[in-house]
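Let us walk through this structure together, one part at a time. Keep the picture beside you as you read, and look up each part as it comes along.

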Amino acid sequence: MTKKIFDEKVKILQNVKVNQKYYKLAFASPLLAQKAVPGQFLQIKIGEGNDPYLRRPFSYYRTSGNKVEILYEILGRGTRMLSEKKAGETLKVMGPLGKGFTLTPKGKKRVLVAGGVGVPPLVFLAERHAAAYLLIGTKSKAEVMPKSELKNAKAKILYSTEDGSYGVKGRVTALLEKILKKEDPGKIFIQTCGPKKMMEAVIAIARKYGIDGEASWDENMACGVGACLGCMVETRSGRMRACADGPVFPFKELVIP
Ligand SMILES: Cc1cc2nc3c(=O)[nH]c(=O)nc-3n(C[C@H](O)[C@H](O)[C@H](O)COP(=O)(O)OP(=O)(O)OC[C@H]3O[C@@H](n4cnc5c(N)ncnc54)[C@H](O)[C@@H]3O)c2cc1C
Ligand code: FES
């Protein structure tokens, strides 16, 4: 069955800074909200004209009723322009795009591993389906999400910070290994999203323990709908489009350099 994609002009309800790292933007759209699953994303046209020329991809952070939220960090010109938008202004938004996470891997305890722009889809996943753990890696305490943003996540949430200012000191992968040592690897399923280096390290650990999982392999995107072939990912089944065949891929499919 082909999934329907909508391109809507939406009115911004809220666009606020939630901590030193993230902004949260909310809008209402029944068509973009109702069938979205965690791991899917939206293509947002940020400027009125051709600046920036391409739409920018953002994961669904949360939907409730007709409301959609995204959580974003400022990386460049497009996200800076987005952060300057005010409630009442409009955006063109296309979605829901891509393939989301497996929601209920049979008989497995799920461990979610997030960093950077991987936090929003995994918080959404933990809100929709209970997981054993949600592990979040940040640089320091200033990037830790406010508790109010995580109150509906059905998982034990543990942090690692690189400077040790909150949670366990070190990388989130060290935290993951600590947890895995206490668990039966045969019963674990890992789902991850974040910087490529982090996901590669997560997959290496999963392979060492013989654990299955999925990664949201976010490539820079142009069209977002499978037409331009600008987002190709090397997989064991050949080159795939991150936007349309992913962004979520099974660990066993991904060819890690
Ligand atoms: C499927 C998908 C889901 C995403 N979800 C989110 C989200 O929920 N929240 C969020 O903040 N961001 C998310 N991103 C990343 C977001 O799309 C980029 O941050 C944004 O496009 C940057 O646009 P810009 O104009 O600000 O920066 P640009 O000027 O385009 O780039 C600025 C810098 O950011 C880097 N960059 C651009 N795209 C990415 C990317 N995909 N990953 C890592 N670095 C990038 C560039 O290489 C460059 O160094 C997602 C990306 C994908 C592909
Ligand atoms: S972004 Fe065009 S095919 Fe993926």
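Predicted model: local features only at pLDDT ≥ 70, side-chain atom pairs only at ≥ 80, totals over all residues.

Two residues are said to be in contact when heavy atoms of theirs lie within 4.5 Å. Look for Thr79 in helix α2, which covers residues 77–83. Which residues does Thr79 meet, leaving aside its neighbours within four places in sequence? Its contacts are Ile46, Phe58, Tyr72, Glu73 and Ile74. Is Thr79 buried or exposed? Its relative accessible area is 11%, and buried means under 20%, so Thr79 counts as buried. The side chain of Thr79 also has a polar atom 3.1 Å from the backbone nitrogen of Gly76. For a sense of scale, take Thr79 and Gly116: they are 37 residues apart along the sequence, and their C-alpha atoms are 14 Å apart in space.

Now step back to see how the chain is divided. Domain 1 takes in residues 6–97, and domain 2 takes in residues 109–207.

Next, find the open sheet of seven strands. Going across the sheet, you meet the strands in the order β4-β3-β7-β1-β2-β6-β5, and their pairing is antiparallel. Which strands form the edges? They are β4 (56–59) and β5 (62–64), each of which pairs on one side only. Neighbouring strands in this sheet are turned against each other by 35 degrees on average, if direction is ignored. At the β4 end, you can follow the pairing in detail. Strand β3, residues 41–45, is joined to β4 by four bridges in the antiparallel sense, and Ile44 has Arg56 of β4 as its bridge partner. Here is a handy rule for looking at any sheet: in a regular strand, side chains alternate between the two faces. A helix belongs in this part of the picture too. Helix α3, made of residues 119–128, lies across β2 (22–28), β4, β5 and β6 (67–73), and runs at about 45 degrees to β5.

Other strands pair in the parallel sense. Strand β9 (residues 133–138) and strand β10 (residues 156–161) run parallel and are joined by six bridges. One of the residue pairs here is Tyr133 with its bridge partner Lys156 in β10. Strand β10 also pairs with β11 (residues 168–169), again in the parallel sense, over two bridges. In that pairing, Thr161 has Lys169 of β11 as its bridge partner.

Let us turn to the inside. In soluble globular proteins, nonpolar side chains tend to be buried together. The largest nonpolar core in this model has 31 residues, and those with the most contacts inside it are Val111, Val113, Leu135, Leu176, Ile190 and Trp217. Two or more residues come from each of β7 (90–97), β8 (109–115), β9, α5 (172–182), β12 (188–193) and α6 (196–209). Helix α6 gives the largest share, six residues. Why does this core lie between domain 1 and domain 2? It does so because both domains give residues to it.

Finally, look at helix α5. Its buried residues are Val172, Thr173, Leu175, Leu176, Glu177, Ile179 and Leu180, and they pack against β8, β9, β10, β11, β12 and α6. Another glutamate to find is Glu200, in helix α6. Glu200 is buried as well, with a relative accessible area of 18%. Outside the four places on either side of it in sequence, Glu200 touches Trp217, Ile256 and Pro257.

How values were computed: Residues numbered from 1 in each chain as written. Chains lettered and ligands numbered in written order. Heavy atoms only, no water. Pairing = 2+ DSSP bridges. Axes fitted to C-alpha atoms, helices over the stretch in contact; angles between N-to-C directions. Core = buried A, V, L, I, M, F, W, Y, C linked by side-chain atoms within 4.5 Å. Buried < 20%, exposed > 50% of the residue type's maximum accessible area, 1.4 Å probe, protein only. Domains from an automatic or database assignment. Polar contact = N/O pair within 3.5 Å; in protein donor to acceptor, adjacent residues only side chain to side chain.
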